[in-house]
There are 2 protein chains.
Amino acid sequence: MHNRLLEIISVGNELLTGHTLNTNAQWMSRRVTEFGGVVKRITVVRDDIDEIASSIKESLRRKPRWIIISGGLGPTYDDKTLQGLANALKLRLILNKDAVKMLRRKYSKTQDPALTPSRLKMATMPAKARPIENPVGHAPAVMVKQGSCTIFSLPGVPSEMEAIFAKHVLPVLKRNIGKFVRLEAELETMGVMESVLAPYLDNVVAKNPKVYIKSHPRGYSKGVSTLHINLACKSTNVKLARGYLKRAIDQMKESVRKAGGKVRTI
Amino acid sequence: MHNRLLEIISVGNELLTGHTLNTNAQWMSRRVTEFGGVVKRITVVRDDIDEIASSIKESLRRKPRWIIISGGLGPTYDDKTLQGLANALKLRLILNKDAVKMLRRKYSKTQDPALTPSRLKMATMPAKARPIENPVGHAPAVMVKQGSCTIFSLPGVPSEMEAIFAKHVLPVLKRNIGKFVRLEAELETMGVMESVLAPYLDNVVAKNPKVYIKSHPRGYSKGVSTLHINLACKSTNVKLARGYLKRAIDQMKESVRKAGGKVRTI
């Protein structure tokens, strides 16, 4: 299990003022969950060195196998993630030669190729860190190990985060986590209140320990209560997972009908 | 400052599998920020009693004035927030008589008014907690104090969370935080890379300590770099805030032009 545990730390004031919706964390969570990883926690912190450092230290204490940080790698004064990461790991910040090479290659193609202090800031990383090429933007991402935890620090710009995640993070995670499938189904029920369905749900849950089941109230439409029921099964064996899931779906549907509701797969 | 510090804890596996986007946290952050509150951290945890309890204890250690929890108040087995909250505060869970009354009123209007164990679960709260009427759904929200921190626990269904927040939480926050205004502006720059603008930005930031300024790269359109620059000023005095913000906007615009870019307010 430990190999599959991951935490996400999102850095950025804009996520805490409501200016920006945290779609990055959702995107990563979905990718990680799809192949059997488990996102245990998401933490959102401000662009503040101490906040970044303390959130990383707190996360390390919970002993996830992976931490993925996004945001705060850019060239401006408010991009503070690498300093926070260095403080958390008690490492010095040093100019990373490989990262400088990456930046030189990128900026040499522009009209203004000088490696100014603002640009070199993006190559100034915790000692021990390994830079990861950014195929979309400029700021390299960072990988660094701390004990049994591997930390990735990715940019906050979604297109850059997604490209680096797909190309460099996902293969490493998959290699370590192994082959898992996660099958999922969603039912919609009409005409049965969640509080009425609850004991039936408990019963189906108890009978299907391999299947994760959760109900989500979707409010009332013309006085009729609507629920969505999410069912998921994770396994190294697709055929087994399919069987577990089907059995739980059938029992769930039967329960909804017994409770007086209508049900369909959506 | 302490009076204005708030943390949000979002409870729900669906937020950690990527099934659901955490719009609740954004919605609350925006409301809190608008009137001068400061969301210091957002934590997302699974539907797990120990995870919920430990996230609340960790938050209390950071000494915010307010904690708002959302999610996990419903009638089903996976709604575990009140048990987690009770554990975090070392309080017993008891059947709250006022909450039972609220539920009785609500269900008495339905065809099936019996207060079953699943329904009474929603009225089973930490001792000391005060139930808050839910104007939209069934599950009452909860308010409980711990030292100098006030904790609100709200449902996760957005319409219910929003209604209770607007009617019962916001007035309490406003009364305690006082009268603040927060003015905001957004500029769009074209044709200047963030790494080129960085030193100009530093300069404007240094000259405008009352204004919060942050650049957000928006990628390249036809080879032209686009940035959004967010400027915000918080004050008890609207006129002063307007003046501070205007000065920073003017300086920022001038800087972008000096750096070779185009700029407009959006």
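A: Strand S1 (residues 5-11) of chain A and strand S3 (residues 66-70) of chain A pair in the parallel sense over five bridges; strands are DSSP runs of E of at least two residues, helices are runs of H or I of at least four, and both are numbered from the N terminus. Two strands pair if DSSP finds at least two bridges between them. Ile9(A) stands opposite Ile69(A) in S3(A). S1(A) is also joined to strand S2 (residues 38-45) of chain A, by seven bridges, and these two run parallel. Here Leu5(A) stands opposite Val38(A).

The model is predicted, so local features need pLDDT of at least 70 and side-chain atom pairs count only at pLDDT 80 or more, whereas totals for chains, interfaces and linings use all residues. Residues are numbered from 1 along each chain as its sequence is written, and chains are lettered from A and ligands numbered from 1 in the order in which they are written.

S1(A) is largely enclosed by the rest of the structure, because six of its seven residues are buried. A residue is buried if 20 or more other C-beta atoms lie within 10 Å of its own, exposed if 12 or fewer, and partly exposed in between, with C-beta atoms placed from the backbone.

In soluble globular proteins, nonpolar side chains tend to be buried together.

In chain B, leaving aside neighbours within four places in sequence, Ile68(B) is in contact (C-beta atoms, placed from the backbone, within 7 Å) with Leu6(B), Ile8(B), Met28(B), Phe152(B), Leu154(B) and Val169(B).

Strand S4 (residues 93-95) of chain A holds Ile94(A). Ile94(A) counts as partly exposed because it has 14 C-beta neighbours inside 10 Å. Its C-alpha atom is separated by 5.3 Å from that of Thr124(A), 30 residues apart along the chain. With neighbours within four places in sequence left aside, Ile94(A) is in contact with Met125(A) and Ala127(A).

As for the chain as a whole, chain A is divided into domain 1 (2-177) and domain 2 (181-265), with bounds from an automatic or database domain assignment. The centres of these domains, taken over C-alpha atoms, are separated by 37 Å.

Terms used. Contact = placed C-beta atoms within 7 Å.
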